[in-house]
Amino acid sequence: MSKTVGIPKGLLYYDFYPMWKTFFEGVGSKVVVSQDTNKKILDEGVKNCVEDACLPVKTYVGHVINLKEKNVDYIFIPRVVSVERKKYLCSKFLGLPDFIKSLIGDLPPIIDIEINYYKNNDKFTQNEFIKIGRMFGKTKDQSLKAYFKATHQQKKFESLLKEGLTNLEALKVWEGKNLVKEESNYDLKIAVIAHPYDIMDEYISMGIIEKLKNMGAQVYTMEMLERDLILEGVSMLSKEMFWNYERDILGAGLYFLKQKNVDGVIMVSAFGCGPNSMTEELLERIYKREKEVPFMLITIDEHSGEAGIMTRLEAFTDLLRFNKKAVMV
Ligand code: SF4
């Protein structure tokens, strides 16, 4: 019988699930994903994590506990150092497997390979995936075949994002599910910029994207932008950003500001996020200084209330509509 590998539905799940799932199935295992975030998962995460961790890491801890309860044979918690040449991820990702092991006892074996594309050399990460293949009795060639199939599926998923789907929608399409047909009579365009795991987790973000759509806004996320547009935006800064997600947040924020092709920009940030404490401050200052596009910062934490978020979104969309009318008069 195939061994089961649990993948926690948090952090980079929203960016790399197609690759990871395809690879694990390619080496003959069965993938089990934790449940969608709910109160129990978040409460368990908060209870078992250190207090000063960021909200997405606390939530991730809850997902690992959920998988432990499902009695999977392994849990995949990679040490993701870099997903792009000469760029790093936040240090939380670098120590994630050790951090989780130190918090939760009696876990099934953790598959904690290192994912590291810093040197633009696929070889290092390929070898790490070959190590996984070996655990499942596969030869180097069989593992490489699974790896290349996985990277191909990942590219398919990423091209769906560039067609204008959010990560959640792209994941659904990638899995062959149908999307609910959307109303197309949006009268506002709003960019929502954030780490994908902050806004794609509908429980911790309280469904910000769906709420905005229901309020008549077409939503754009930074993943929908082509890389050269992100780089165009970030070129307005005098220094290079070495974290790739923060580079993307700043690049997208500055691109929308320069192009003025949206009515407003919302940045969603998780409480306790070190890198975001810098990017949100920087973006907020630049938007305030330029006064060209309305900007709102929403910080989410485990205590955020839905009513509070709703009020802020309603106030923001009202303001954007008021601005549009004022320009038309
Ligand atoms: S970037 Fe921020 S939110 Fe993401 S893991 Fe690091 S500290 Fe947490």
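Tutor: Glu-84 counts as buried, because its relative accessibility is 15%, which falls under the 20% limit for that class. This is a predicted model, and within it the side chain of Glu-84 meets that of Arg-227 in a salt bridge, with 3.0 Å from N to O. The two partners are 143 residues apart in the chain, with Glu-84 in the loop between β4 (79–82) and α4 (91–94) and Arg-227 in helix α11 (residues 227–234), and the pair therefore links distant parts of the chain. Arg-227, at 46% relative accessibility, counts as partly exposed, whereas Glu-84 is buried.

In one of them, Asp-187 pairs with Arg-321, and the closest N and O atoms are 2.7 Å apart. Here the link runs from the loop between α8 (167–174) and β7 (188–193), which holds Asp-187, to helix α14 (residues 306–328), which holds Arg-321, the two residues being 134 residues apart. Asp-187 counts as partly exposed at 38% relative accessibility, and Arg-321 is partly exposed with a relative accessible area of 25%.

The other example joins two helices: Glu-232 in helix α11 and Lys-258 in helix α12 (residues 244–259), 26 residues apart. Their closest N and O atoms are 3.5 Å apart. Glu-232 is partly exposed, with a relative accessible area of 26%, and Lys-258 is partly exposed as well, with a value of 42%.

The domain assignment of the protein gives domain 1 as residues 4–162 and domain 2 as residues 182–328, and their C-alpha centres lie 27 Å apart. Where they meet, 25 residues of domain 1 are in contact with 27 residues of domain 2. The area buried between them is about 2,300 Å², and carbon and sulfur atoms give 59% of that area. On the side of domain 1, Leu-55, Lys-87 and Lys-162 supply 27% of the area that this domain buries against domain 2, which is more than any other three residues supply.

Charged and polar pairs also cross between the domains. The count between domain 1 and domain 2 is four salt bridges. Lys-58 and Glu-302 form a salt bridge too, with their closest N and O atoms 3.0 Å apart. Counting residue pairs in polar contact, with both residues at pLDDT 80 or more, gives 12 between domain 1 and domain 2.

As for the elements on the side of domain 1 that touches domain 2, those that give two or more residues are α1 (13–26), α2 (39–48), α3 (55–69) and α7 (140–162). Helix α3 gives the most, with five residues. Sorted by class, that side of domain 1 has 15 nonpolar, four polar and six charged residues.

Technical notes:
Residues numbered from 1 in each chain as written. Predicted model: local features only at pLDDT ≥ 70, side-chain atom pairs only at ≥ 80, totals over all residues. Heavy atoms only, no water. Helix = DSSP H or I, 4+ residues; strand = E, 2+ residues; numbered from the N terminus. Buried < 20%, exposed > 50% of the residue type's maximum accessible area, 1.4 Å probe, protein only. Domains from an automatic or database assignment. Contact = heavy atoms within 4.5 Å. Buried area = accessible area lost by both parts, 1.4 Å probe. Polar contact = N/O pair within 3.5 Å; in protein donor to acceptor, adjacent residues only side chain to side chain. Nonpolar A, V, L, I, M, F, W, Y, C, P; charged D, E, K, R; others polar.
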